[in-house]
Amino acid sequence: MENIQKRRYVIKVGTSTLTHKTGKVNIARMAKLISVLADLHNMGHEIILVTSGAVGIGMGRLNLSERPNETKRLQALAAVGQGELMFMYDKLFGEYDVVVSQLLFTFDVLENAESRAHLLDTFNQLLEYGAIPIVNENDSVSVEELINGDNDCLSGAVSALTNADMLIMLTDTNGLYDSDPSENENAKLIEVVEKITPEIENLAGGAGSRGTGGFATKIKAAKIATDAGVPVVIANGAKPTKIYKIIEGKSVGTFFQAVNSEE
């Protein structure tokens, strides 16, 4: 049997990947994503899932057709959707006999040395137990991600905290382009970014279609991770089986090289 090197992967999945435009859960895609992650887990890899989608699923659960603008309404939707989201993860991962855990926290936890150390201990112990930590910002008490991030930067921070081998961010675009593909049909996908420069940051567009995380926050997340020595891939989440190609080192989406810690 071929020996596979055990690696720690942080997978970030956005609202647009998990839901239809109606706000209802994209059951087929979510089921496929979980089958891939469960399979990687069975190979011996450590998986940390950073998930958005609570607000979108809350909208679907309450039959709302438009995302509200008021923060208190978004927080309430997140509270409704988070329970539904975790129920689905638990149910679908359970079909593969994979145990999941929920970690809800805010960025101030990461900024405090003591709480940061406790959080890292929790991650490491869960992974030692063979569980998959499922992470979301606690949107009922924190509003930063609701307004500005769709958990993108959180995934970068988690990757840095846990010293992950790679951060894979799944979104509704194929990666970073040299110009806006919605406006320029000749826009080319940038397959490799050696360093995140101001020019690269300027290529990032606006907010996503159903979440709040546009490419600007994804680039920011990639910078957090790569500065900590963690390489990043941003790819389209429409076909979760592409994760296999990513971990095999094949060209999928945009690959951001980690900053050399010796430099």
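The model is predicted: local features are reported at pLDDT of at least 70 and side-chain atom pairs only at pLDDT 80 or more, while totals for chains, interfaces and linings use all residues. Residues are numbered from 1 along each chain as its sequence is written, and side-chain values use heavy atoms, with hydrogens and water left out.

**The sheet**

Colour the strands and helices first; strands (E, at least two residues) and helices (H or I, at least four residues) are DSSP runs numbered from the N terminus. Next, select strand 3 and strand 4, which run parallel and are joined by six bridges. Within this pair, glutamine 102 stands opposite isoleucine 134 in strand 4.

**Helix 6**

Select residues 113–129, which make up helix 6. Its 17 residues reach 24 Å from the first C-alpha to the last, close to the 24 Å expected; the expected span is 1.5 Å times one less than the number of residues. Show the side chains of Leu119, Phe123, Leu126 and Leu127, the buried residues of this helix. They lie on the same side of helix 6 because they cover an arc of only 100 degrees around the axis, the arc being that of the directions from the helix axis to the C-beta atoms. Here buried means under 20% relative accessible area, exposed means over 50%, and partly exposed lies in between (1.4 Å probe, protein chains only).

Turn to the other side of helix 6, where Ala113, Glu114, Glu128 and Tyr129 are exposed. Then display the surroundings of the buried residues: among the elements they pack against are strand 1 (8–13), strand 2 (46–51), helix 5 (107–111) and helix 8 (152–161), where contact means heavy atoms within 4.5 Å.

Asparagine 112 caps the N-terminal end of helix 6, with a side-chain oxygen 3.0 Å from the backbone nitrogen of glutamate 114. Just after the helix, glycine 130 takes a positive phi of about 90 degrees.

**Helix 2**

Just after helix 2, glycine 44 has a positive phi of about 110 degrees.

**Salt bridges**

A salt bridge is a side-chain nitrogen of Lys or Arg within 4 Å of a carboxyl oxygen of Asp or Glu; by this rule the count is ten. Select glutamate 46 and arginine 8, whose side chains meet in a salt bridge (2.8 Å, N to O). Glutamate 46 lies in strand 2 and arginine 8 in strand 1, so the pair ties together parts that are 38 residues apart in sequence. Both residues, glutamate 46 and arginine 8, are buried.

Glutamate 84 and arginine 61 form another salt bridge (3.2 Å, N to O). This pair links helix 4 (residues 71–94), which holds glutamate 84, with helix 3 (residues 54–61), which holds arginine 61.

Finish at helix 10 (residues 215–227), where lysine 223 and aspartate 227 are four residues apart and thus separated by about one helical turn. Their closest N and O atoms are 3.0 Å apart in a salt bridge. Lysine 223 is partly exposed at 31% relative accessible area, and aspartate 227 is partly exposed at 47%.

How values were computed. A polar contact is a pair of N or O atoms within 3.5 Å; within protein, one must be able to donate a hydrogen and the other to accept it, and residues adjacent in sequence count only if both atoms are side-chain atoms. Two strands pair if DSSP finds at least two bridges between them.
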